[in-house]
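Dear colleague,

I am passing on the structure we spoke about, and would be glad if you looked through it with the notes below at hand.

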Amino acid sequence: MLPELDEQIIRERIAKRIAMEFNDGDVVNLGIGIPTLASEYIPENIQVIFQAENGAIKIGPAPAVPDLKCIGAGGRIISLLPGGSFFASDTSFGLIRGGHVNATVLGALEVDQNGDLANWMVPGKSVPGMGGAMDLVVGAKRVYVAMTHVTKKGAPKILKKCTLPLTAVGVVTMIVTEFAVFEMWNGKLVLTEIAPEVTVDQIREHTEAEFMLADEVIPMKGVEVA
């Protein structure tokens with residue numbers, strides 16, 4: 001069994017680790033849920049330009065006085081930093097499809113060992129649609145997946161082959177869970193970091209996908225050891 005962690009710890013750990021991947025000047029799009037938290041952990045020496053697919057760039061934190069007219073695609077009330085702007089969604093998707101977004105961070109229902117991503121629907125359940133995910137994962141230069149390692153029932157979410165309808169094929173750059181970091185290296189899934197509470201054997205037990213080990217699997221960055 002994987003150890004149980006407090007939900008807040010899980011969310012903060014994943015978001016903090018994802019934020020370490022951003023470079024100075026990156027244009028970044030954040031999905032709903034855990035991905036939106038990554039904006040709270042940007043290193044002080046890094047300036048990241050956040051973009052929302054519903055039409056905003058240089059997004060800042062929620063204002064002291066909430067303005068319900070300014071809500072990002074991630075569902076949070078936003079502000080604009082100096083130099084930021086709002087614009088039509090066709091312009092926004094022009095930025096995305098034109099390759100001007102350096103990274104996107106998305107949640108996922110399933111990811112597989114080939115880097116395929118399923119994150120938008122479960123057959124039989126009502127969903128509003130895929131949203132901007134399909135455009136983001138093929139338009140962004142890097143695709144980070146932020147998700148829990150297993151489902152609420154304990155089933156693996158990192159699979160040999162996705163079983164749910166796909167968002168896109170072979171697009172994932174990195175998977176960050178509360179217990180591990182996986183990267184795609186030349187089409188192969190590689191375990192590069194592991195949390196202090198678990199062992200490689202436990203990760204294998206709860207990961208259906210076949211994966212290789214990096215030459216040195218290091219402790220998961222940003223995780224404080226008790």
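What follows goes through the source of the model, the core, the sheets, the pockets and a few single residues.

The model is a predicted one, in which local features need pLDDT of at least 70 and side-chain atom pairs count only at pLDDT 80 or more, while totals for chains, interfaces and linings use all residues. Residues are numbered from 1 along each chain as its sequence is written, and side-chain values use heavy atoms, with hydrogens and water left out.

I begin with the core. A nonpolar core is here a set of buried Ala, Val, Leu, Ile, Met, Phe, Trp, Tyr and Cys residues joined through side-chain atoms within 4.5 Å, where buried means under 20% relative accessible area, exposed means over 50%, and partly exposed lies in between (1.4 Å probe, protein chains only). The largest such core holds 61 residues, and the members that touch the most others are I18, F22, L117, I175, F182 and I203. Helix α1 (residues 7-19) is the element that gives the most to this core, with 5 residues; helices (H or I, at least four residues) and strands (E, at least two) are DSSP runs, numbered from the N terminus. When residues up to four places away in sequence are not counted, I18 touches A38, V105, Y144, V145, A146 and V176, contact being heavy atoms within 4.5 Å.

Next come the strands, which are said to pair if DSSP finds at least two bridges between them. An open sheet with mixed pairing is formed by 3 strands in the order β7-β6-β9. Because β7 (117-118) and β9 (158-159) stand at its edges with a single partner strand each, one side of each is left without a neighbour in the sheet. The pairing of β6 (residues 110-112) with β9 is parallel, over 2 bridges, and D112 stands opposite L159 in β9.

Strand β3 is mostly covered, with 4 of its 5 residues buried. With β2 it pairs in the antiparallel sense over 2 bridges, and the bridge partner of A52 in β3 is A56. These two strands, β2 and β3, form a hairpin with 3 residues between them, and G55 in the turn has a positive phi of about 115°. Strand β3 also pairs with β4 (residues 79-86), again in the antiparallel sense, over 4 bridges, with A56 standing opposite F86 in β4.

On the pockets, the working terms need some care. On a 1 Å grid over the protein atoms alone, a pocket is an open set of points where a 1.4 Å probe fits, with protein on both sides within 12 Å along at least five of seven lines, whereas a cavity is a set from which the probe cannot get out; lining residues have an atom within 4 Å of a point. Grid points are joined across faces, edges and corners, and a volume is the space filled by probe spheres set on the points.

The largest pocket has about 1,600 Å³ of space. Its lining has 50 residues, of which A108, L109, M147, T148 and K157 lie nearest its centre. Two or more lining residues come from each of α1, β1 (27-30), α2 (34-37) and α4 (133-139), and α1 gives the most, with 3. By class the lining of the largest pocket has 27 nonpolar, 13 polar and 10 charged residues, where Ala, Val, Leu, Ile, Met, Phe, Trp, Tyr, Cys and Pro count as nonpolar, Asp, Glu, Lys and Arg as charged, and the others, Gly among them, as polar.

The second largest pocket has a volume of about 500 Å³, and of the 27 residues that line it S39, F50, I59, G60 and R76 are the closest to its centre. The elements giving two or more residues to this lining are β1, β2 (49-52) and β3 (56-60), with β2 giving the most, 4 residues.

K58, found in strand β3, has a phi near 60°, a positive value in a residue other than glycine, and is partly exposed at a relative accessible area of 23%. N186, in the loop between β11 (180-185) and β12 (188-194), likewise has a positive phi, of about 50°, although it is not a glycine, and counts as exposed at 82% relative accessibility. M121 lies in the loop between β7 and α4 and counts as buried at 18% relative accessibility; leaving aside neighbours within four places in sequence, M121 is in contact with L109, V127, L164 and P165.

With kind regards
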